[in-house]
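Visitor: I have a model to go through with you. Can we take it in short questions?
Guide: Go ahead.

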Amino acid sequence: MTELRDRETNVMELQDRGNCLAETQELFDVRPRFISIEELQVRETIAVFMVLAMLLFVSSVPLPLGIPPESPIPIHIKAPWMFGGIQWLLLRFPVPIAGWIIPAASLGFLLTLPWWARRAGVRWGRFAFMVLALFWSIITLAYALQA
Amino acid sequence: MVKPVRSFTFLQHIRPRRIPVAALRFGATLCLGGISFLAFLITVGTGVLLLFHYEPGKQAYISVASMVSLAPYGGIIRSLHFWAAQGMVVTVLFHMARVVWHHAYRPPREKNWVIGVFLFLLTLILDFSGYLLRGDREGAGAAEIAQSLLRGLPGGAGLAALFLGSIELGHGSSLTLYVWHVFILPGVLLVLQLWHFWRVRRDGGVRAL
């Protein structure tokens, strides 16, 4: 009986200490969990001005005009940079494969990524996405260097 | 109990009154979605100003040249339009990579991932149509490639006519493409973006009150 009472007393003391510790932590933990919409608007305004300043700085460099359509000089047709990868493929593979099958398969993979990742695991999903991103980055860069 | 009007709940989700601090950590999102939306707004704003001088079709190149050299601030507005569009493509790409890296496409965000992929595709098409509308030789060449690619599909001739219109040799710009670039594609993009933001909040990113 005495042992049981001692144990109960010990448990109660430990609980008290635990409660005190939790209360003390609550007292010191004054970090806000939410911010108001007004504070968000201030942050957004600052971000907008920062991005605008950066864009204005970049845009201060004059953007050259392209070659006039009537110009008789033969030119090497360039794709916009984001389609450089497709043009790189078009120069090497049959048009249906380079122009449709590979881009459509990539898009299909992106659309179904959540379902693939659910079946095979999120790490596999991340790995497959990175391989795809690397593939398109490399061929886009290869096209840019070649052009 | 009175049910709130649906449009009101939509606005509440777009602009909630309180936002969890954890959802706003810079490292959590890198602000890439917000920056790409801002780039879209800048592109729309500068695009509206460019409309006052631009002429689609055979006069496209001349109108762009006169806009740059004669219109007040024409050059800088065109530059802003171009760089904001490029910035949008880059930020959308990095935004996608960030979402995959953090596995943020997992349930319940699967639908929003699909919306995001369509947004990415539309951004690319919008950028490509802008490239053709410059009316220069490169644009005309790219238009010819796009036209022959589309014509390779079954029923592709109709598709090419629907999207590119009657593009003549040496001219990438057409009235049809102009309508797609100025009205249809940005309109669809805006609607999808608002749906994307709404879903971010609905799926627990930032909860409305």
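Guide: Helices (H or I, at least four residues) and strands (E, at least two) are DSSP runs, numbered from the N terminus. This is a predicted model, in which local features need pLDDT of at least 70, side-chain atom pairs count only at pLDDT 80 or more, and totals for chains, interfaces and linings use all residues. Side-chain values use heavy atoms, with hydrogens and water left out.

Visitor: How many helices and strands are there in chain A?
Guide: Chain A has 5 helices and 1 strand. Along the sequence the pattern reads α-β-α-α-α-α.

Visitor: What share of chain A is buried?
Guide: 25% of the 147 residues in chain A are buried. Buried means under 20% relative accessible area, exposed over 50%, and partly exposed in between (1.4 Å probe, protein chains only).

Visitor: How many residues of chain A are in contact with chain B?
Guide: 59 residues of chain A are in contact with 57 residues of chain B, contact being heavy atoms within 4.5 Å. The area buried between chain A and chain B is about 5,200 Å², and carbon and sulfur atoms give 73% of that. Buried area here is the accessible area (1.4 Å probe) that two parts lose on being put together, summed over both.

Visitor: And which side chains meet in a salt bridge?
Guide: Those of A:Arg118 and B:Glu110, at 2.3 Å, N to O. The count between chain A and chain B is 1 salt bridge, defined as a side-chain nitrogen of Lys or Arg within 4 Å of a carboxyl oxygen of Asp or Glu.

Visitor: Which element gives the most to the side of chain A that touches chain B?
Guide: H2(A), with 12 residues. That helix spans 37-59.

Visitor: New topic: which residues have the most contacts inside the largest nonpolar core?
Guide: A:Leu110, B:Trp113 and B:Leu132, in a core of 57 residues. The largest share of this core, 12 residues, comes from helix H6 (residues 110-133) of chain B. A nonpolar core is a set of buried Ala, Val, Leu, Ile, Met, Phe, Trp, Tyr and Cys residues joined through side-chain atoms within 4.5 Å.

Visitor: What is B:Trp113 in contact with?
Guide: Leaving aside neighbours within four places in sequence, the contacts of B:Trp113 include A:Leu110, A:Phe129, B:Met96 and B:Tyr105.

Visitor: Last one: is B:Ser79 buried or exposed?
Guide: B:Ser79 is buried, with a relative accessible area of 1%. B:Ser79 sits in helix H5 (residues 74-101) of chain B. Not counting residues up to four places away in sequence, B:Ser79 touches A:Ser59, A:Val61, A:Pro62 and A:Leu63.

Note on methods
Residues are numbered from 1 along each chain as its sequence is written. Chains are lettered from A and ligands numbered from 1 in the order in which they are written.
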